[in-house]
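Thank you for letting me take a few minutes of the meeting. Please look at the sequence and the structure for a moment, and then I will walk you through them part by part.

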Amino acid sequence: MTENTQIFDVHEHDFKERVLKRSFDLPVLVDFWADWCSPCHMLAPHLYKAVESFNDGVELAKLEVDEGENMKLAGHYRVRGFPTVIIFVVTILAVVAGKI
């Protein structure tokens, strides 16, 4: 993991706060990954570089699907393989529709 504050670990218990609520302010990429997944490890440096190139305009949340209750989130978002990267950008429309 890098020391960059734009890149952080997230878990099922803090996903709403750190990803969904944060995505009102700026886009948050969520990397659904697993430690046993070689392609996940190959993708990570490219994600770090991409996020850093946006100069604080996007954040990267790393969600290790095999930790705790994190697989529930993968199921909720219908993730079927790893790595999967989803960008969260919440608008007022989502709140009005009761999605958050």
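Where is the place of P83? P83 sits in the loop between α3 and β4, and the peptide bond that leads from F82 to P83 is cis, with omega near 0 degrees.

Before I go on, a word on where these values come from. This is a predicted model, in which local features need pLDDT of at least 70 and side-chain atom pairs count only at pLDDT 80 or more, whereas totals for chains, interfaces and linings use all residues. Residues are numbered from 1 along each chain as its sequence is written, and side-chain values use heavy atoms, with hydrogens and water left out.

Let me begin with the whole chain. The protein chain holds 4 helices and 4 strands, and here helices (H or I, at least four residues) and strands (E, at least two) are DSSP runs, numbered from the N terminus. If we take the contacts (heavy atoms within 4.5 Å) between residues at least 6 apart in sequence, 75% of them join residues at least 24 apart.

Now to the sheet. It is an open sheet of 4 strands in the order β1-β3-β2-β4, with mixed pairing, where two strands pair if DSSP finds at least two bridges between them. β1 and β4 (84-88) stand at the edges with a single partner strand each, so one side of each has no neighbour in the sheet. From one strand to the next, the twist averages 25 degrees.

Strand β3, residues 59-64, is mostly covered, with 6 of its 6 residues buried. E59, A61 and L63 point one way from β3, while L60, K62 and E64 point the other way. β3 runs parallel to β1 (residues 7-9), to which 3 bridges join it, and I7 stands opposite L60. β3 also runs parallel to β2 (residues 28-33), this time with 6 bridges; here D31 has K62 as its bridge partner, and W33 stands opposite E64.

What about β2 itself? In β2, too, 6 of 6 residues are buried, with V28, V30 and F32 pointing one way and L29, D31 and W33 the other way. β2 and β4 run antiparallel and are joined by 5 bridges, and in this pairing F32 stands opposite T84.

Which helix makes a right-handed β-α-β unit with β2 and β3? That is helix α2, residues 38-53, and right-handed here means that, with the strands pointing away from the viewer, the path from the first strand over the helix to the second runs clockwise. α2 lies across β1, β2, β3 and β4, and runs at about 160 degrees to β3; such angles run from 0 to 180 degrees between N-to-C directions, with axes as lines fitted to C-alpha atoms, for helices over the stretch in contact.

Let me turn to the nonpolar cores, each being a set of buried Ala, Val, Leu, Ile, Met, Phe, Trp, Tyr and Cys residues joined through side-chain atoms within 4.5 Å. The largest has 19 residues, and V10, F15, V19, V30, F32, A61 and L63 have the most contacts inside it. At least two residues of this core come from each of α1 (15-21), β2, β3 and α3 (70-76), and β2 gives the most, with 4 residues. Apart from this core lies another, of 8 residues, including A44, L47, Y48 and V58. Returning to F32, and not counting residues up to four places away in sequence, its contacts include L63, L73, Y77, P83 and I86.

I will finish with two loop residues. N55, in the loop between α2 and β3, has a positive phi of about 50 degrees although it is not a glycine, and its relative accessibility of 63% makes it exposed. R78, in the loop between α3 and β4, has a positive phi of about 60 degrees and is not a glycine either; at 65% relative accessibility, R78 counts as exposed.

Methods. Buried < 20%, exposed > 50% of the residue type's maximum accessible area, 1.4 Å probe, protein only.
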